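Here's a quick walk through a structure for you to follow by eye. Keep the viewer open while you read.

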Amino acid sequence: MSAGLSRGPGSYTVGTMSERFDCHYCRDPLHGKKYVQKEGRHCCVKCFEKFCANTCMECKKPIGADSKELHFKNRYWHDNCFRCFKCYTSLVNEPFMLRENNKVWCSNCTAAEDAPRCKGCFKPIIAGDQNVEYKKMVWHKDCFTCSQCKQVIGSGSFFPKGDEFYCVSCHEHKFAKTCAKCKNPITSGGLTYQEQPWHSECFICSNCKKQLGGKRFTAVEDQFYCVECYKECVAKKCAGCKNPITGFGRGTSVVNYEDESWHDYCFKCTKCARGLANKRFVCHNGKIYCAECPKRL
């Protein structure tokens, strides 16, 4: 604000004495000399500076009768002392702000001082500057950088970790889980099998390549198979019904004898059809019998 700033003496006059008056303070004659009149009293220039002159708010020295004086709200300055406290620019005829400790500031420095500070460079963010805000913190756009690669994140995507911020690429390599198959970071989604993370698109049937997430499958060594492909390509065939032994649904228990396998419900006596899973049996001429039936053959 500059309204109300005045130049020149506000409460005294300066002139050359043509009448016979003595200095009010030192009693020296003033006739023909320069004098100052203040509050009805006449005094010499020397006594004026000693007893009457206003004190400059900046340099703390008297503002003599021969000096140019500026005053604002009962505060006084030499005109050459009326400068911005921050940048020292002369504020005579310029907008200014009177701040704490009676210091005057130009409008630019006032705006900078009151502006929020960049978390990166700690310099003010002036109106119109591009900036990034996050949780009541603010950065210049070019100061908002990745803690790892130091590249500018600006208005792009980022991941906060404590007091640090990471671009997508650095976050993937530093923090994301790695897929057990392709070894690349898992940035979203994914699944876990036997405590190992997988991309959904990497956890697939080894035969038909369909994704297995959320579906029934069978693991054979390091390979995974959907139900259909396991039946067709991998599962043993039951020596009784000749259908695949999948381990799904009915007949999850399997009976193995020599080089052949049966569903538990297919492992029965050839003659009487009695179920023989977990019971004594006899193999005769390549066929399975209960312990009694061979005696009747």
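Buried residues account for 33% of the 297 residues in the protein chain, where buried means under 20% relative accessible area, exposed over 50%, and partly exposed in between (1.4 Å probe, protein chains only). A word on where this comes from: it's a predicted model, in which local features need pLDDT of at least 70 and side-chain atom pairs count only at pLDDT 80 or more, while totals for chains, interfaces and linings use all residues. Residues are numbered from 1 along each chain as its sequence is written, and side-chain values use heavy atoms, with hydrogens and water left out.

The protein chain has four helices and 22 strands; these are DSSP runs numbered from the N terminus (helices H or I, at least four residues; strands E, at least two). Its radius of gyration is 49 Å, well over the 19 Å that the globule rule gives for 297 residues, so the chain is more spread out than a compact globule. That radius is taken over C-alpha atoms, and the rule is 2.2 Å times the number of residues to the power 0.38. Along its principal axes, the C-alpha trace spans about 165 × 30 × 25 Å. Of the contacts (heavy atoms within 4.5 Å) between residues at least 6 apart in sequence, 19% join residues at least 24 apart.

Now for helix α1. Phe48 sits in this helix, which covers residues 45–52, and it is buried at a relative accessible area of 0%. The buried residues of α1 are Val45, Cys47, Phe48 and Cys52. Seen down the axis, they fall within an arc of 155°, so they line one face of the helix; the arc is that of the directions from the helix axis to the C-beta atoms. Exposed Lys46 and Lys50 are carried on the face turned away from that buried side.

Next, a hairpin. Strands β7 (residues 96–99) and β8 (residues 103–106) run antiparallel and are joined by four bridges; strands pair if DSSP finds at least two bridges between them. Phe96 stands opposite Cys106 in β8. Three residues lie between the strands, and Asn101 takes a positive phi near 60°.

On to the rings. There are 23 aromatic pairs in the structure, counting rings of Phe, Tyr and Trp (its six-membered ring) with centres within 6.5 Å; planes under 30 degrees apart are stacked, over 60 edge-to-face, and the rest tilted.

| Pair | Centre distance | Plane angle | Type |
|---|---|---|---|
| Tyr257 and Phe281 | 5.2 Å | 90° | edge-to-face |
| Phe267 and Phe281 | 5.0 Å | 85° | edge-to-face |

Tyr257 in β19 (residues 254–257) and Phe281 in β21 (residues 281–284) are 24 residues apart. Phe267, in the loop between β20 (260–263) and β21, is 14 residues from Phe281. Tyr257 is partly exposed at 26% relative accessibility, as is Phe281 at 29%, but Phe267 is buried at 1%. Elsewhere, Tyr134, Trp139, Phe144, Phe158 and Phe165 form one aromatic cluster.

Last stop: Ser261 in strand β20, buried at 5% relative accessible area. Its side chain makes a polar contact with the side chain of Asn256 at 2.4 Å. Such a contact is a pair of N or O atoms within 3.5 Å; within protein, one must be able to donate a hydrogen and the other to accept it, and residues adjacent in sequence count only if both atoms are side-chain atoms. Leaving aside neighbours within four places in sequence, Ser261 is in contact with residues including Lys236, Cys238, Ile245 and Val254.
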